[in-house]
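Please open the structure in your viewer and follow the stops below in order. Each stop names what to select and then describes what is found there.

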Amino acid sequence: MAGTTRPPLPSLRDPTTSGGTFRPDVEGLRAVAVLLVVASHVLGVPAGGYVGVDVFFVISGFLITGLLLREHGRTGRISLRDFYARRVRRLLPAAVLVLAVTNVAAYLLFTGERAGQVLRDSLWSLGFLANVRFADIGTDYFDQTRPASPVQHYWSLAVEEQFYVLWPCLLMAALWLGSRGLGRRRGTAAVLLLVTVASLAWSVLLTAEDAPTAYFSSPARAWELGVGALLAVLAQTDLPRRIPLAAGTALGWIGLGGILVAAFAYSDRTPFPGSAALLPVLAAAAVLLGGEAGAARPNPVLVNPVATYVGRLSYSLYLWHWPVLVLSVAVLPEALHVVVPLVLSFVLAALCHHLVEEPVHRSSWLSRRPPLSLARGSG
């Protein structure tokens with residue numbers, strides 16, 4: 001048993017293209033990603049369901065970079081204040097709630113030492129440093145012989161937020177340099193490509209040398225967000241629209257198939273991330289590119305009411321499923337180790353999404369203007 005993100009989802013909730021158009025297939029892709037992670041943890045199948053996190057990273061890089069590029073195109077600048085305010089509004093309320101509930105439950109259910117360990121892990125997680133914490137104490141994501149921390153999955157949120165500490169500044173620098181040389185898009189793409197290739201090379205080297213450390217490493221994961229970011233730059237051009245509709249449909253299906261192949265072919269014995277992460281990352285990029293190109297008909301796996309709703313719940317579901325599973329395993333008989341975590345995770349995710357995420361998103365907290373609608377784009 002092991003933890004993975006985000007989350008969220010990524011991290012974002014707004015499934016839009018670089019042009020701000022609603023993308024139900026992105027919500028569906030989020031649903032596929034989170035269901036792979038949850039199924040892998042709770043059911044043990046597919047063994048490589050952890051690749052759902054890599055899919056989230058690509059989606060996040062694509063949406064966040066597209067949002068920043070749109071802002072720069074509209075205003076000629078990127079507001080760091082607004083960017084980080086959106087990140088706080090998007091991530092913190094649900095993340096803090098889950099940490100608080102988890103620590104109360106750990107205090108009631110665990111012995112003093114393990115409860116104290118959960119508290120220490122949570123403090124690191126609150127500062128978006130969970131990946132540093134778990135790498136530092138020698139956590140092996142795939143080691144099922146040691147009790148897992150109920151907040152171990154916060155490592156992926158930490159990776160994303162560490163990436164986004166520098167990313168807007170790097171993007172602004174790339175846009176500024178591009179305007180004085182290669183051109184805005186070419187200059188931005190060149191900088192992105194350099195960062196992405198360097199991170200991928202480091203990921204391959206570190207995974208071969210120390211896979212457990214590489215798993216939690218932001219420099220070894222940055223290229224996955226970079227691939228999504230490069231796709232966002234590409235989406236600002238006319239190239240995706242030149243792809244025939246039939247090819248766009250094919251890209252979506254091929255990408256979805258690639259993600260599922262990785263999920264079912266990989267296991268805890270697969271050195272990861274490294275070169276193995278190329279399959280789910282490029283497959284996720286293919287799905288996004290296919291959607292940018294357009295499709296002869298929507299992919300029914302991704303574009304349906306159930307997938308869209310689960311996609312909207314994906315951030316909360318990712319946050320809740322792991323502590324619910326770890327705490328349930330600690331106190332419930334084995335016969336209930338599947339049903340209770342699954343049902344309770346979905347119930348808590350739905351409540352958290354509708355009662356916490358949505359009200360905060362609609363509020364003016366940390367915002368100098370009313371929040372944008374889902375169809376227009378928001379952070």
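Begin by selecting Glu358 and Arg362, whose side chains form a salt bridge with the closest N and O atoms 3.4 Å apart. The model in view is a predicted one. Both residues belong to helix 12 (residues 339–362), and because they lie 4 residues apart there, about one helical turn separates them.

Now move to Arg87 and Glu161. Their side chains meet in a salt bridge, with a distance of 2.5 Å from N to O. Which parts of the chain does this pair link? Arg87 lies in helix 3 (residues 80–109) and Glu161 in helix 6 (residues 155–178), so that distant parts of the chain, 74 residues apart, are linked. Display the surface here and note that both Arg87 and Glu161 are buried.

For the last pair, select Arg81 and Asp82. A salt bridge connects Asp82 with Arg81, and their closest N and O atoms are 3.3 Å apart. Asp82 has a relative accessible area of 8% and is therefore buried, the cut-off being under 20%. Arg81, by contrast, is partly exposed at 42% relative accessibility.

Finally, return to a view of the whole structure. How many salt bridges does a search of it find? The search finds 15 salt bridges, including the one between Arg81 and Asp82.

Key. Residues numbered from 1 in each chain as written. Predicted model: local features only at pLDDT ≥ 70, side-chain atom pairs only at ≥ 80, totals over all residues. Heavy atoms only, no water. Salt bridge = Lys/Arg side-chain N within 4 Å of Asp/Glu carboxyl O. Buried < 20%, exposed > 50% of the residue type's maximum accessible area, 1.4 Å probe, protein only. Helix = DSSP H or I, 4+ residues; strand = E, 2+ residues; numbered from the N terminus.
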